[in-house]
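Have the model open beside you and follow along.

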Amino acid sequence: METKIIADTGSDLTHELVEELNIDLLSIIVTHEEVEYKDRIDITQKEIFEKQRNCESFSTSQIPLFEYLETFESYAKKGVDFIYLSLSSGMTGGFNNALMAIRELEAKYPNVKMKALDSKAASVGYGLETYYLAKAAKNGADFNELIELCEFLSKNIKHVFTVFDME
C-alpha cells in the first residue's frame with residue numbers, strides 16, 4: 001500500500017501537482033487586518049500577492065493541533081501509513097503540533113506507521129522536498145525509503161531568497 005504524503009500550503013505546490021501526486025495539504029492560517037483565513041481555502045496566493053504589492057501586510061500562524069489530529073486520524077482509521085512533511089520548524093511551531101498529534105495517535109493505532117519530518121525549508125525548497133517525496137511514494141518507495149529520501153533532501157537542497165524590489 002502506498003504511503004500517504006501530507007504537507008501544508010507553505011510548500012507552494014500547484015493545485016495540479018497536489019492532485020497528480022495525491023498529496024494532502026493542510027492550510028496555514030493567514031491573518032490580514034485581524035481576519036483569519038485558511039490559505040488556499042478562504043484566500044488565494046494571488047490575492048495575497050496583490051495586496052502585498054499595495055503595501056498591505058499579512059501574518060501567518062501555525063496549524064492548530066486539532067487539525068493535525070483530525071487529518072492524521074482520518075488515515076490511521078483506514079490503516080494508511082503516512083508521512084507529514086513540515087514547513088521548517090525554524091519558522092513555525094507546526095512541526096511540534098504534528099509530533100504531538102502522532103504521539104497521541106500511535107497508541108490508538110499501533111499498526112499504522114506514522115512520522116512527522118522537518119523539511120528545514122520553506123516555499124520552493126519545501127515544495128521540492130514534498131514533490132520528490134510524493135513522487136517516490138507514488139512510484140512504490142516504502143515507508144523507510146521515504147524517510148531516508150526526505151532526510152537526504154532536507155540536508156542537500158540549498159535555498160536562495162530573493163525579492164522583486166526593495167519595498
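**Entry 1: backbone with positive phi**

I began with Asn22, which lies in the loop between helix H1 (15–20) and strand E2. My helices (H or I, at least four residues) and strands (E, at least two) are DSSP runs, numbered from the N terminus. Before going on I noted that this is a predicted model, where local features need pLDDT of at least 70, side-chain atom pairs count only at pLDDT 80 or more, and totals for chains, interfaces and linings use all residues. Residues are numbered from 1 along each chain as its sequence is written, and side-chain values use heavy atoms, with hydrogens and water left out.

Phi of Asn22 is near 55 degrees, a positive value in a residue other than glycine. I jotted down a reminder that most residues other than glycine have a negative phi. Asn22 counts as partly exposed because its relative accessibility is 45%; my classes are buried under 20% relative accessible area, exposed over 50% and partly exposed in between, with a 1.4 Å probe and protein chains only.

Arg40 went on the page as well, with a positive phi near 70 degrees. I found Arg40 in the loop between strand E4 (35–38) and helix H2 (45–53), and its 28% relative accessibility makes it partly exposed.

**Entry 2: strand pairs**

Which way do E3 and E4 run, parallel or antiparallel? They run antiparallel, and four bridges join E3 (residues 29–32) to E4; I call two strands paired if DSSP finds at least two bridges between them. Ile29 has Lys38 in E4 as its bridge partner. The two strands form a hairpin with two residues between them, and Glu33 in the turn has a positive phi of about 50 degrees.

Strand E6 (residues 82–86) runs parallel to E7, with five bridges joining them. Phe82 stands opposite Met114 in E7. Strand E7 (residues 114–118) is mostly covered, since four of its five residues are buried.

**Entry 3: the second largest pocket**

I then looked up the second largest pocket, with a volume of about 160 Å³. My pocket is an open set of points on a 1 Å grid over the protein atoms alone, where a 1.4 Å probe fits, with protein on both sides within 12 Å along at least five of seven lines; lining residues have an atom within 4 Å of a point. The volume is the space filled by probe spheres set on the points, which are joined across faces, edges and corners.

Arg40 turned up again here, as the lining includes Lys38, Asp39, Arg40 and Ile41. Which helix gives the most to this lining? It is H3, with three residues; E2 (24–26) and H3 (65–76) each supply at least two. The lining divides into three nonpolar, three polar and five charged residues.

**Entry 4: rings and cysteines**

I counted five aromatic pairs, taking rings of Phe, Tyr and Trp (its six-membered ring) with centres within 6.5 Å, stacked under 30 degrees between planes, edge-to-face over 60 and tilted for the rest. Tyr131 and Tyr132 pair edge-to-face, at 5.2 Å centre to centre and 75 degrees between the planes. Tyr131 is partly exposed at 22%, and Tyr132 is partly exposed at 41%. Ring pairs also link Tyr68, Phe72, Phe82 and Tyr84 into a cluster.

How many disulfides (cysteine sulfur atoms within 2.5 Å) are there? The search of the whole structure finds zero. Cys55 is exposed at 63%, whereas Cys150 is buried at 2%.

Key. Ala, Val, Leu, Ile, Met, Phe, Trp, Tyr, Cys and Pro count as nonpolar, Asp, Glu, Lys and Arg as charged, and the others, Gly among them, as polar. A disulfide is a pair of cysteine sulfur atoms within 2.5 Å.
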